[in-house]
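Subject: Structure handover

Hello,

Here is the structure I promised to pass on. Please open it first, then read my notes below with the model on screen.

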Amino acid sequence: MYSAEDEEQTTLGDRAKQEEVLENESPMEDPLTDDLIPLGMIWALVSAVCIAGQMILAGYLSEAVHPIQVYFIRACSLLTAVTVISWEESREYEPKDLLAYLLSAILDNIGMGAAFLALAYLSTADVTAIIFNKPVPSAIIAWALLGESLDLMDCVLATLNGIGLVVISEASMDYTSQSKQGLPIIGVLLSLFGLFCLSCMSNAARWLSLKRREDPGLLTCVSGLVGLVMSAVYLTITNSWGFPSTCLDITLSVLAGLVIVIGLYAFYRALKTLNVLVVCTVDTLAMPLAYIFAVTAAGQSVTWQACVAVGLLLATSFGICLKSYWIHRSDQ
């Protein structure tokens, strides 16, 4: 005969086992779920619009002040995310989680720093097209570093994506403007380097999201702290300090800061509910938005090569995303 005490101990033991199983299975669970996709998509779309906005504003401001000064403004604005940090959750983080936070912040700052420097050599639209072409490079890096699968279709899409990058890079080097300085190839190399860093950052964020250790507020704030130190050191060493002087430049700087903090927070928030490949694919919508602004508002001309290249980049990005989504559905 079981006593009430024995039955209570058995129940407690079963609960403990169930909790242990859930803890072990939770980190491996994919954050792509049916009930959370709409909200995640909204955050991803907000991120894409803000990416286009920050690059357009940064491109304008970089003609008035040093590009890294614009980057310093970006870092300062990101510090406001300290108000939305989940301090209760942060108590559960392990040292390797905090290391991933720091690594993600460093990669984000190096990548965006390279993007802002590239604005001195290339048009804003071309820099945006190169540096935010993250889905396919992110998938390749995930295969190389995280051991994720890569089949023949992925290789075909990666090849087409590479062709698109070559075409847009060549078209970018044909771009000339009196406001730009130096060789365009420098801007292309900076953009490609920034693309690599941001793709690595996306995989670091992916690792955190799979472990349920991702706090968008903390990630954004850490990125701001790292960017503040890096930009301040650069501006001090090169003696490039200088702030916007006109009312218009000051207003645009404040607007840029607001757009930047909303965009990065939205990116990390989207990663809490969506696969990183989906979020990066939605972010590629910043490409056509930047080109539309370049043609309609800035009066720039766009070559047919650039249109073909952007089409290839968008098609391969959405292609690898849809393939991943189809496989995920088939496995359920």
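Start with Ser86. This residue sits in the loop between α3 (67-78) and α4 (87-90). Ser86 counts as partly exposed, because its relative accessibility is 28%. Now look across to Gly217. Along the chain, Ser86 and Gly217 are 131 residues apart. Their C-alpha atoms are separated by 7.2 Å.

Please keep in mind that this is a predicted model.

**The whole chain**

The protein has 332 residues, and 50% of them count as buried. Its secondary structure comes to 14 helices and zero strands. So the order of elements from the N terminus reads α-α-α-α-α-α-α-α-α-α-α-α-α-α. Take the contacts with a separation of 6 or more: 90% of them join residues 24 or more positions apart. The accessible surface is about 16300 Å². Carbon and sulfur atoms hold 67% of that surface.

**Helix α3**

α3 has 12 residues. From first C-alpha to last, α3 reaches 17 Å, close to the 16 Å expected at 1.5 Å a residue. How many of its residues are buried? The count is 11 of the 12, so α3 is largely enclosed by the rest of the structure. Among the buried residues are Ile68, Tyr71 and Phe72. Those three names come back below. The list also includes Gln69, Arg74 and Ser77.

**Helix α10**

α10 covers residues 216-237, which is 22 residues. At 1.5 Å a residue, α10 should span 32 Å. The end C-alpha atoms of α10 are 32 Å apart, so the two values agree.

Ser231 lies in α10. Is Ser231 buried or exposed? Ser231 is buried, because its relative accessible area is 1%, and the cut-off for buried is under 20%. Leave aside its neighbours within four places in sequence. Ser231 is then in contact with Ile68, Tyr71 and Phe72.

**α10 against α5**

Helix α5 takes in residues 95-118. The axes of α5 and α10 come within 8 Å and cross at roughly 50 degrees. α5 and α10 are therefore oblique to each other. The crossing is right-handed. On the α5 side, the contact includes Tyr101, Leu102, Ala105, Asp108, Asn109 and Leu117. On the α10 side, the contact includes Leu218, Val222, Val226, Met230 and Tyr234.

Pick out Leu102 in this contact. Leu102 is in helix α5. At 40% relative accessibility, Leu102 counts as partly exposed. Not counting residues up to four places away in sequence, Leu102 touches Val222 and Val226. One more distance for Leu102: Leu225 is 123 residues away along the chain, and the two C-alpha atoms are separated by 9.9 Å.

**α10 against α11**

Helix α11 runs over residues 247-271. α10 and α11 pack at an angle of about 135 degrees, with their axes 8 Å apart. That angle makes α10 oblique to α11. α10 passes α11 in a right-handed crossing. Which residues meet here? α10 brings Pro216, Gly217, Leu219, Thr220 and Ser223. α11 brings Val261, Leu264, Tyr265, Tyr268 and Arg269.

**After α10**

Asn239 follows α10. Asn239 lies in the loop between α10 and α11. Its phi is near 55 degrees, a positive value in a residue other than glycine. Asn239 counts as exposed, because its relative accessibility is 68%, and the cut-off for exposed is over 50%.

**Near the end of the chain**

Last, see Trp304. Trp304 lies in helix α14 (residues 304-331). At 63% relative accessibility, Trp304 counts as exposed. Ala171 is 133 residues from Trp304 in sequence. In space, Trp304 and Ala171 are 9.0 Å apart, C-alpha to C-alpha.

Best wishes

Conventions
Residues numbered from 1 in each chain as written. Predicted model: local features only at pLDDT ≥ 70, side-chain atom pairs only at ≥ 80, totals over all residues. Heavy atoms only, no water. Helix = DSSP H or I, 4+ residues; strand = E, 2+ residues; numbered from the N terminus. Expected span 1.5 Å × (residues − 1). Buried < 20%, exposed > 50% of the residue type's maximum accessible area, 1.4 Å probe, protein only. Contact = heavy atoms within 4.5 Å. Areas by Shrake-Rupley, 256 points an atom, 1.4 Å probe, with all protein chains shown as cover. Axes fitted to C-alpha atoms, helices over the stretch in contact; angles between N-to-C directions. Parallel < 35°, antiparallel > 145°, perpendicular 65-115°, else oblique. Left-handed = near helix turned anticlockwise from the far one by under 90°.
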